[in-house]
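The account begins where the two chains meet and then turns to each chain separately.

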Amino acid sequence: MAKVSASVYTSHIPAIGAALDLGKTGEPYWQPVFGGYQRSKEWMASHLPDVVVLVYNDHANAFSLDLIPTFAIGMGERFMPTDEGWGPRPVPQVVGHPELAAHIAQSVIQDDFDLTIVNRMDVDHGLTVPLSLMFGQPAAWPCRVIPFAVNVVLYPVPSGRRCWNLGRAIRKAIALYDEPLTVQVWGTGGMSHQLQGPRAGLINREFDQAFLDRLIADPEGLAQMPHIDYVREAGSEGIELVMWLIARGAMSDRPPRVAHRFYHVPASNTAVGHLILENSE
Amino acid sequence: MALDKPYKDIPGTTIFDAEQSRLGYHLNQFCTSLMKPENRMRFKADERRYLDEWPMSEEQKQAVLARDLNRCIELGGNIYFLAKLGATDGRSFQYMAASMTGMTQEQYAQMMLAGGRPPQGNRTVGERRKGESGG
């Protein structure tokens, strides 16, 4: 049987990808950010999964306003980095796991979550920046990745409660998969940030730290928080944090082991937050 | 009966909801078209002519020509779509964000380095007014 071994949570700020791609990681501005992920890469070296289910949002790249799925699972063989307007990131293609993706879709849709199945799409910084932060700059990504896109661009976005329950459904699906795969579920985006309007630049450290605390210790309670609290307290783009509840919902009911926790302000317009939680055996 | 939209009282913020996306459909699809290098070239060569190929309102076209991102958002634009316009101009997300705040690039970057814009006084329109009258 497959099992979820751990979950990873991280911001997916595009400027982090640009800093990596342009060789700026050692600059004083960026050093604290990449320093915070050094331990993550060390941890990953001894905790490499077979598959990552990577929960992220597309930023008007794969999905224009022609079609806006709330939840979309990538069932393709491979996914290419997209050209977001600055040219595609020079990172490896993403190799999917169509068999497990099909299994998850089959199970989760029957648990009342209406997933859109995507066989062909390109992936943007929301997916590739977390891979770069956790794996560095290899010639090929060291494991399979199932892209799981959530609409958090067009309101209303799914509620925290729905995301939490979706994580539960994904956990159940993975536990029912026959092959003994080790799977990690990642939740990405956030933390507090606002990219638009005169309120752009909003950062709320207290909110972010409390969110990290509750994500570890009281995720089901945290999942009850309404949208308006995210938007008011963490900025219009801080709503991305609901995606972290999908990854957390995929974890065991037993308290997790906190393998790493990191927080830093700023990276460009955004607060960087990061957690690694391991399931206790 | 009108739907409850509690986010309407957040200062300096336009939530891109279904209604805004309806207003901004063509504006945002114009932005999406700029993901293709050949379209970026055509747009740069004659912005007005390229815009006239899109069934956008005159107000939307003027806002794009002026690179007035706040106005674009008011007219249904969304920042992730508008980012394609910024990319066409060679601008970063931070440049675009700063341009909407009335601050210079330098002032905005300094604010971020100092911990960002605080939530205090920025949660609701009423809170801001109270903050101002309280001095």
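Between the two chains, 34 residues of chain A are in contact with 44 residues of chain B, two residues being in contact if their C-beta atoms, placed from the backbone, lie within 7 Å. On the chain A side, two or more residues each come from helix H1 (14-21), helix H9 (227-234) and strand E9 (257-267); H9(A) gives the most, with 4 residues. Helices (H or I, at least four residues) and strands (E, at least two) are DSSP runs, numbered from the N terminus. By class, this side of chain A holds 18 nonpolar, 11 polar and 5 charged residues; here Ala, Val, Leu, Ile, Met, Phe, Trp, Tyr, Cys and Pro count as nonpolar, Asp, Glu, Lys and Arg as charged, and the others, Gly among them, as polar.

The model is predicted: local features need pLDDT of at least 70, side-chain atom pairs count only at pLDDT 80 or more, and totals for chains, interfaces and linings use all residues. Residues are numbered from 1 along each chain as its sequence is written, while chains are lettered from A and ligands numbered from 1 in the order in which they are written.

Chain A contains an open sheet of 8 strands with mixed pairing, in the order E6-E3-E7-E2-E8-E1-E10-E9. Two strands pair if DSSP finds at least two bridges between them. Strand E6 (116-118) and E9 of chain A are the edge strands, each pairing on one side only. From one strand to the next, the twist averages 20°.

Strands of a sheet pair through backbone hydrogen bonds, either parallel or antiparallel. E7(A) runs parallel to strand E2 (residues 51-56) of chain A, to which 6 bridges join it, and antiparallel to E3(A), to which 3 bridges join it.

Axes are lines fitted to C-alpha atoms, for helices over the stretch in contact, and angles run from 0 to 180 degrees between N-to-C directions. Helix H6 (residues 160-175) of chain A lies across E1, E2, strand E3 (71-74) and E8 of chain A, at about 145° to E1(A).

H5(A) (residues 125-135) also meets helix H3 (residues 38-46) of chain A: their axes come within 7 Å and cross at roughly 80°. H3(A) and H5(A) are therefore roughly perpendicular, a term for angles of 65 to 115 degrees. Ser40(A), Lys41(A) and Met44(A) of H3(A) make the contact with Leu133(A), Met134(A) and Phe135(A) of H5(A).

Chain B, by comparison, comes to 10 helices and 0 strands. Of its 135 residues, 36% count as buried. Chain B is divided into domain 1 (14-90) and domain 2 (101-135), with bounds from an automatic or database domain assignment. The C-alpha centres of these domains lie 27 Å apart.

Definitions and conventions
Angles under 35 degrees count as roughly parallel, over 145 as roughly antiparallel, 65 to 115 as roughly perpendicular and the rest as oblique. A residue is buried if 20 or more other C-beta atoms lie within 10 Å of its own, exposed if 12 or fewer, and partly exposed in between; C-beta atoms are placed from the backbone.
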